[in-house]
Amino acid sequence: MTEKPETWTVRRVLDWTKGYLAEKGVENARLETEWLLSAALGLDRVGLYVNFDKPLNQEELAACRGLVGRRAKREPLQYILGTQEFCGLDFAVTPAVLIPRHDTEVIVEEALRRVPGATTILDIGVGSGCIAVAMAKNLPNSQVWGVEQSPEAIALAQQNVERHGVPVTLFEGSLFEPFADQRFDLIVSNPPYIPTADLETLQPEVREYEPRAALDGGADGLDFYRIIVPAATEHLNPGGWLMVELGIGQAEAVLGMFEKAGFGDCFTAKDPNGIDRVVGGRIP
Ligand SMILES: C[S@@+](CC[C@H](N)C(=O)[O-])C[C@H]1O[C@@H](n2cnc3c(N)ncnc32)[C@H](O)[C@@H]1O
């Protein structure tokens with residue numbers, strides 16, 4: 001997209017950008033190009049197609065250049081567009097929070113299926129608020145609490161809570177710290193679980209842009225489970241459930257922690273790729 005005398009039509013910018021982003025290592029370059037140009041031009045994707053032959057003016061080209069340049073540096077599309085869908089709901093996202101993943105919908109689905117009568121729910125490490133908001137939205141008789149150590153993440157989660165108008169109360173703090181004497185029917189958490197040494201092997205979108213504090217789970221990735229699983233027994237009502245998301249190859253170790261802490265009815269649930277993604281159990 002350097003200055004050239006020829007006319008840059010929507011079609012030409014699309015074709016050029018697709019090739020440029022693919023060269024920079026962006027997967028799904030065609031689709032991402034369409035999202036980026038739609039955002040830059042204020043059109044939906046159908047709008048792009050019906051305007052294929054429309055020449056872009058200097059202002060429109062500058063807007064395209066700005067967004068495409070960011071993606072070429074491997075900034076995640078979601079941070080550029082400022083939004084990500086999760087459980088059918090739109091969430092504002094910024095680099096202060098982990099981008100909600102579709103795999104994380106498994107913990108919401110399991111919780112809704114196994115504990116539909118939960119009225120008091122705690123989400124540990126709320127990030128964007130995606131799990132807490134999705135739970136509150138789907139269980140209208142519930143009250144949800146969330147805790148998060150990052151003030152910037154809490155501020156964004158609060159925006160998402162207000163956007164969806166759900167009864168979620170957020171606390172800045174660490175793990176169970178703000179809930180000394182409180183007990184819940186259900187505790188859910190998607191804690192940081194990447195082993196520290198693996199962080200450098202992640203794709204640039206994650207490694208260079210997503211918050212380290214949302215990813216780093218310590219030497220073997222299991223640090224947070226070692227705290228959350230035993231401590232949860234002190235914060236659950238009788239018969240209450242704990243469910244946690246985990247990474248590849250962590251299910252056996254985490255299941256062992258649940259059993260050691262006295263949880264029964266323990267289960268694992270797979271994500272759509274067949275990977276054990278959630279472990280849960282209930283206290284007697
Ligand atoms: C993997 S992210 C999950 C975010 C969100 N729940 C989701 O599923 O997309 C983990 C979150 O836990 C937060 N966190 C890390 N250490 C924490 C702690 N000690 N207490 C509370 N939150 C913490 C991080 O800031 C991050 O937002």
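This is a predicted model: local features need pLDDT of at least 70, side-chain atom pairs count only at pLDDT 80 or more; totals for chains, interfaces and linings use all residues.
**Exercise 1.** Find which strands pair with S4, and in what sense.

*Solution.* Start with S4 itself, which spans residues 143–148. On one pairing, strand S3 (residues 120–124) runs parallel to S4 over 5 bridges. Here Asp123 stands opposite Gly146 of S4. Next take strand S5 (residues 168–172), which also pairs with S4 in the parallel sense, over 5 bridges. In S5, Leu170 is the bridge partner of Gly146.

Is S4 mostly covered or uncovered? S4 is mostly covered, with 5 of its 6 residues buried.

**Exercise 2.** Determine the handedness of the β-α-β units that contain S4.

*Solution.* Follow the chain from S3 through helix H7 (residues 130–138) to S4: this unit is right-handed. Then continue from S4 through helix H8 (residues 151–164) to S5: this β-α-β unit is right-handed.

**Exercise 3.** Classify the relative orientation of helices H10 and H11.

*Solution.* H10 covers residues 223–232 and H11 covers residues 251–260. Their axes come within 9 Å and cross at roughly 25°. Angles under 35 degrees count as roughly parallel. H10 and H11 are therefore roughly parallel to each other. The handedness of the H10 and H11 crossing is right-handed.

Note on methods
Residues are numbered from 1 along each chain as its sequence is written. A residue is buried if 20 or more other C-beta atoms lie within 10 Å of its own, exposed if 12 or fewer, and partly exposed in between; C-beta atoms are placed from the backbone. Helices (H or I, at least four residues) and strands (E, at least two) are DSSP runs, numbered from the N terminus. Two strands pair if DSSP finds at least two bridges between them. A crossover is right-handed if, with the strands pointing away from the viewer, the path from the first strand over the helix to the second runs clockwise. Axes are lines fitted to C-alpha atoms, for helices over the stretch in contact, and angles run from 0 to 180 degrees between N-to-C directions. Angles under 35 degrees count as roughly parallel, over 145 as roughly antiparallel, 65 to 115 as roughly perpendicular and the rest as oblique. A crossing is left-handed if the near helix is turned anticlockwise from the far one by less than a right angle, and right-handed if clockwise.
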